[in-house]
Structures are given as C-alpha cells and as structure tokens.
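Subject: Structure for your review

Dear colleague,

Please find below the sequence and structure that I am handing over to you. I would be grateful if you read the notes after it with the structure open.

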Amino acid sequence: MPISWTADLDTGIPLIDQQHRRIVDFINHLEVAKNAGDKEAVKQIVYDCVDYTLSHFAFEESLQEEAGYAYCKPHKKVHELFARKVSEYQERMDLGDDVAEELHATLARWLVNHIKRDDADYVESVRASMAPGARALAEEKKKTGWFRRLFGR
C-alpha cells in the first residue's frame, strides 16, 4: 500500500517537507518495483533512496546544530542506527536475498514514525532559528556582552 502524504507529516519547514516527500516517493516506487518482481529496479531504488536519505539526514542535522537544538546528538544517533539497519538490508540484497517486502515495510513504518515523533521535536527550534532576523540577532548577541546590550555601552 503506497504512503499517502497527509497534513500530519508536514513539519512546516518547506525544504524538509519537500525532502520527506521525495523519500516517500522512493518508498512508493520501491513498492511498485517490488510488486512487479523487478529485482534490478528494487536494487537501484534502494541505493538511490539510501543515498538521498543520508544526504537529507546530514542537512537536517546541520539545521539542528545551527538552531542549537538540545537533542541534536540523540537525533543524529537515531539516524545512524537507521542507516546501519538499512545497510544490513543492502548487504543481504547484494548477497541475493529477496528483502524487498521486509525493507519496504521497514522504510514506510520508520519514516512515518520518525517524522511524526522525532522530527516533530526539533521543528520549533529550527523554525525559530530560521525566522527573519533571528540570525542577525544571534550574531549581534555574539558580538556584544549582555551588559553592553542592556545598557547600550
């Protein structure tokens, strides 16, 4: 069953939502290839999906770091554990195992849960850091101490 994008998957960060939608497209293409029994297409989609997802993870983590998100390291650890799990599927697939069904179910379940739970936790921090003027204010705070800002000296 294909994943349908629903409003509860939106983070409110357009670029992140666009990337998540692209990952959903990969998962849906994987289902089509799996159902058609096209092992070569499955393999190519899996490798493309993993490559894209790892790039997305790096981007997401950089936004979190820039925003000063308190749980950036644990979030990164979740990404690393997932990447390791998918890597195991890739190894099995390369050895000839038919992992398409199992991998599709894992990807679909993990992505939806990750967006709704883990990603939802960082949204406020990242959105606040992306707000107009937030970066300029942060830079100003770095340049001056609290005493100078408070008393204008």
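The notes below describe what was found.

The model is a predicted one, in which local features need pLDDT of at least 70 and side-chain atom pairs count only at pLDDT 80 or more, while totals for chains, interfaces and linings use all residues. Residues are numbered from 1 along each chain as its sequence is written, and side-chain values use heavy atoms, with hydrogens and water left out.

Overall fold

The protein has six helices and zero strands; helices (H or I, at least four residues) and strands (E, at least two) are DSSP runs, numbered from the N terminus. Of its 153 residues, 36% are buried, where buried means under 20% relative accessible area, exposed over 50% and partly exposed in between (1.4 Å probe, protein chains only). Among contacts (heavy atoms within 4.5 Å) with a separation of 6 or more, 68% come from residues 24 or more positions apart.

Helix α4

Helix α4 covers residues 100-130 and spans only 38 Å between its end C-alpha atoms, whereas a straight helix of 31 residues would span 45 Å at 1.5 Å a residue. That expected span is 1.5 Å times one less than the number of residues. Helix α4 also has a kink of about 50°, centred on D119; the bend at a residue is the angle between axes fitted to the seven residues ending there and the seven starting there.

A buried histidine

H79 belongs to helix α3 (residues 72-94). H79 counts as buried because its relative accessibility is 2%. Leaving aside residues up to four places away in sequence, H79 touches F57, E60, E61, W110 and H114.

Salt bridges

The count of salt bridges comes to six, a salt bridge being a side-chain nitrogen of Lys or Arg within 4 Å of a carboxyl oxygen of Asp or Glu. One of them joins D94 and K43, at 3.6 Å from N to O. D94 lies in helix α3 and K43 in helix α2 (residues 39-67), so this pair ties together parts that are 51 residues apart in sequence. D94 is partly exposed at 41%, and K43 is partly exposed at 28%.

Another salt bridge pairs E102 with R92, whose closest N and O atoms are 3.2 Å apart. E102 lies in helix α4 and R92 in helix α3, so the pair ties together parts ten residues apart in sequence. Salt bridges that share partners join R92, D97 and E102 into one network.

Yours sincerely
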